[in-house]
Amino acid sequence: MSKTIAILAPGAMGSAVARRLSENGARVLTSLKGRSEATLKRAADAGMIGAEDEAIADADIILSIVPPGEAVALAERLAALIVRREKKPVVVDCNAVNVDTVQRIEEIIGSAQAPFVDGGITGFPPQPGGKSPAFYMSGGHAKDVAVLKDLGLDVRIVEGPVGAASALKMSYAGIVKGLAGIGSAMVVAATKAGAADALRDELALSQPAVLARLEVALPDMIPKAYRWVAEMREISGFLGPDHPASQIYEGFARWFEHLAADAKGEAVDAEMLKAFAESVAKKNV
């Protein structure tokens, strides 16, 4: 039986997930009010159907896929839509938020008597013919969205309450994006000091796996840096204010904020990161 899935919003990840679901027989709705022409085209290309709030509230499953700073506000909007409905959709928060935040979102959705699932996505947006990113799900209603597996998503149940999937996401992102933060900061510092080539050559000798990762991660992170700012602050909150490492992630938030502003301006640091990655690629030819 065909399922109706609502995805908010039709960003890079949301639209790619929508395409995968549509390809496997789902009807995928989204909200397109006030969206740019580029977003409208992306949604149409992904097979998403623009819908009013009432239709979105009637979906079988609602996936929240937004920047972490928008997750609570979207939950409040959804709860207001759902509260008077007899048939309740399963709401899945798929955002990079910490345990405290997702538990707050659970309370908001719970106030509308709707089932809630804690979700965390790891991996890149699915490409046509490629594999799905992992969708980790936790909480008492996690198995209620098992149909997403039949619709082409790699759904993995994390045993535990709401918060378990988000804890995994925070930990994973803290490692992977933390390494990107460390690498980019040191590459820029080395370049400004005239030691970029020496750093590259030493990494090639002693840390080839790290260098190979930086070759891909540095140019990839530049257009995404603005989205990582709030995520780093969520990871800082996940560790807690008394944890000595929480300030490291607050520092990464400030660093990614700087890189995002730099990329929109003179792109001095962004060009250094691209140049380093290009020099690695040339050495490997």
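At what angle do helix H8 and helix H9 pack, and how far apart are their axes?

**View 1. Packing of helix H8 against helix H9.** Helix H8 (residues 196–206) and helix H9 (residues 208–221) pack at an angle of about 130 degrees, and their axes lie 6 Å apart. H8 is therefore oblique to H9 (under 35 degrees is roughly parallel, over 145 roughly antiparallel, 65 to 115 roughly perpendicular, the rest oblique). Arg-200, Leu-203, Ala-204, Leu-205 and Ser-206 of H8 make the contact with Pro-208, Val-210, Leu-211 and Leu-214 of H9 (contact: heavy atoms within 4.5 Å). The model is predicted: local features need pLDDT of at least 70, side-chain atom pairs count only at pLDDT 80 or more, and totals for chains, interfaces and linings use all residues. Residues are numbered from 1 along each chain as its sequence is written, and side-chain values use heavy atoms, without hydrogens and water.

View 2. Ala-51 is in the loop between strand S3 (49–50) and helix H3 (53–57). With a relative accessible area of 14%, Ala-51 is buried (buried is under 20%, exposed over 50%, partly exposed in between; 1.4 Å probe, protein chains only). Leaving out residues up to four places away in sequence, Ala-51 touches Leu-29, Thr-30, Ser-31 and Ile-56. Its C-alpha atom is 9.6 Å from that of Val-28, 23 residues apart along the chain.

**View 3. Thr-4 in strand S1.** Thr-4 belongs to strand S1 (residues 4–8) and counts as buried at 16% relative accessibility. Residues touched by Thr-4, not counting those up to four places away in sequence, are Arg-27, Leu-29, Ala-59, Asp-60 and Ile-61.

Key. Axes are lines fitted to C-alpha atoms, for helices over the stretch in contact, and angles run from 0 to 180 degrees between N-to-C directions. Helices (H or I, at least four residues) and strands (E, at least two) are DSSP runs, numbered from the N terminus.
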